[in-house]
Amino acid sequence: MNQKSNIQLPEGSLGKQTTTLNLGPTHPATHGVFQNILEMDGEIIVDAVSTVGYIHRAFEKLAERRSYYQITTLTDRLNYCSSPINNMGWHMTVEKLIGAELPKRVEYLRVIIMELSRIADHLICNSVVGVDTGAATGFFYVFEFRELIYEIFEEICGSRLTTNIGRIGGLERNFSDIAFQKINHFLKTFPKAMEEFESLLNRNRIFMDRTIGAGAISAERALNYGFTGPNLRATGIDYDVRVAHPYSGYQDFDFSIPVGSVGDTYDRFLVRNGEIWQSLSIINQAMEKLKDHDPSVFHANLPDFYLPLKEDVYTKMEALIYHFKIVMGETELPVGEVYNAVEGGNGELGFYLISDGGRTPYRLHFRRPCFIYYQAFPEMVIGSMLSDAVVAMSSLNLIAGELDA
Amino acid sequence: MLTNEIIQQRLVEKFGEQVSNFIMHYDILTFETEKDNNLKVLSFLKDSQELGFTFLNDLTAVHYPNDKDRELMVVYMLQNIRAGIRIRMKIYTPISKPDVFTAVNIFSTANWLEREAYDFFGVNFVGHPNLIRIMNVDEMDYFPLRKEYQLEDQTRVDKDDDMFGR
């Protein structure tokens, strides 16, 4: 009975006993380390408090001691389900600061990488929504294709999850023929699997009953809470950074923005599925566009900022000098403040960089989408069942690394 | 068609000398206002039909230790979703009395972002419903992103560390 003082019961109601339930910090339903303290009346949630910060690693402080090319590895560890998007977002922030123009081919290669990682990110989120509603089959099935995407990343940059892909001014190396073969193989085999995944869940009666109406939020509240990405689009607002503030040549592509209507778990699921199809179409268009460009270009001509190739460093004097200058922070950087945002896997990932011209940023702030929209979680689940809260949480695509920075 | 010139004009018409230092930082119009004036400007930008900055994109703080009585800066970034225009508003507060009115009642987004700014910089958001630390432990008695807390210099040579030689 001692928990009762937390909640206000209506006048004249019978005294009820509520239970405090800790969902997290380590719970299979959270898919990460964060805590929800739920006040339960039977199976109805009457109050909820979210606690974050369990894996805070002080990225913003660390960034003030690191030179620009060393910060890429910090961004890997934000949303680790789509690290390449974070890497590209950071490179583009610095390129915006120094005013660099990139060759079209580099931009398209980056678009391919970013859209592949968006597919991987959405696949994880949507298949996990399936798992949380009891359908593990789809999860195991689409993970084969996530594996194909990671093999492509491995071929491009050598690593899979925390990729550290690309450099300021371009990519660290050109795509190999094998990389293109792997991309083509993925583009050929994935659509069929995606159709099967959709036919498994999209019109599945059990799945629909579990997700429709669960964790809904109105468009107005979502805007007020700073929602971005698929979660905002599920409420019916067609805000997409790729269209509103085009970067990396997205203005050259023809794609649509899937939107939902009521902003519940089912809408978020459908919006992500729709975006996977759009991403596939963008990759196909990019592969087509690449044919018009010189296949040997993979970085801009920016000797002051682009880390030279290792074989050049060992054999050419200029490359050695530039390598030394970049690593030791001897290059002149402009003074200024710049904000650059990319459409990350789960929303607008922004980098607010203040440069005082020194080797390191004066201040770097990450606008982390899931940190901003997770604060709406109590409002979304109060009054619903515990099992609705679990599917609502997994459909929000919360990544603990990004939540806690 | 909303442009940066119109935004600046409307703000100056409404607030006169209370808004100042209009400058373009790359593609974003940035301006400064009195710190006690922040809520008036924010709600004007949000409620004005013509401007329509209904979306608080980001809120953070910056520490400038050498700026006397303007040591802490709070930055609000707003966006007009429909027109795709972002603007940035800055307010400055002395570090000895870092009191700033909270924007939670205008934008729910500000809730955790202000807690974060409090956690790292010690900006005291007056009127915030739950101003407690969000990332760091509750027992912490300093504000770690202030510039007086230096990380160790990675190029130092005075340290003898055979195990992790640097």
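Guide: In this predicted model, 15 residues of domain 1 of chain A are in contact with 19 residues of domain 2 of chain A. Contact here means that the C-beta atoms, placed from the backbone, lie within 7 Å. Strand 3 (residues 44–51) of chain A gives the most to the domain 1 side, with seven residues. That side divides into nine nonpolar, four polar and two charged residues. Ala, Val, Leu, Ile, Met, Phe, Trp, Tyr, Cys and Pro count as nonpolar; Asp, Glu, Lys and Arg count as charged; the others, Gly among them, count as polar.

Domain 1 spans 4–51 and domain 2 spans 60–404 of chain A. These bounds come from an automatic or database domain assignment. Taken over C-alpha atoms, the centres of the two domains are 34 Å apart.

A word on conventions. Residues are numbered from 1 along each chain as its sequence is written, and chains are lettered from A and ligands numbered from 1 in the order in which they are written. Because the model is predicted, local features need pLDDT of at least 70 and side-chain atom pairs count only at pLDDT 80 or more, while totals for chains, interfaces and linings use all residues. Helices (H or I, at least four residues) and strands (E, at least two) are DSSP runs, numbered from the N terminus.

Now the core. The largest nonpolar core has 148 residues. Such a core is a set of buried Ala, Val, Leu, Ile, Met, Phe, Trp, Tyr and Cys residues joined through C-beta atoms within 7 Å. Buried means 20 or more other C-beta atoms within 10 Å of a residue's own; exposed means 12 or fewer, and partly exposed lies in between, with C-beta atoms placed from the backbone. This core draws at least three residues from each of domain 1 and domain 2 of chain A. Helix 4 (residues 104–132) of chain A supplies the largest share, 14 residues. Among the residues with the most contacts inside the core are A:I112, A:Y374, A:L403 and B:Y76. Leaving out residues up to four places away in sequence, A:L403 touches A:F34, A:V52, A:R368, A:C370, A:F371, A:Y374 and A:L398.

In strand 4 of chain B, B:Y76 is the bridge partner of B:L59. Eight bridges join strand 3 of chain B to strand 4 (residues 72–80), and the two run antiparallel. Two strands pair if DSSP finds at least two bridges between them. Nine of the nine residues of strand 3 (residues 55–63) of chain B are buried, so this strand is largely enclosed by the rest of the structure.

The chains also meet directly. 29 residues of chain A are in contact with 25 residues of chain B. Strand 4 of chain A gives the largest share of the chain A side, four residues. That side divides into twelve nonpolar, nine polar and eight charged residues.

Nine bridges join strand 4 to strand 5 (residues 348–356) of chain A. A:E337 stands opposite A:I354 in strand 5.

Conventions
Two residues are in contact if their C-beta atoms, placed from the backbone, lie within 7 Å.
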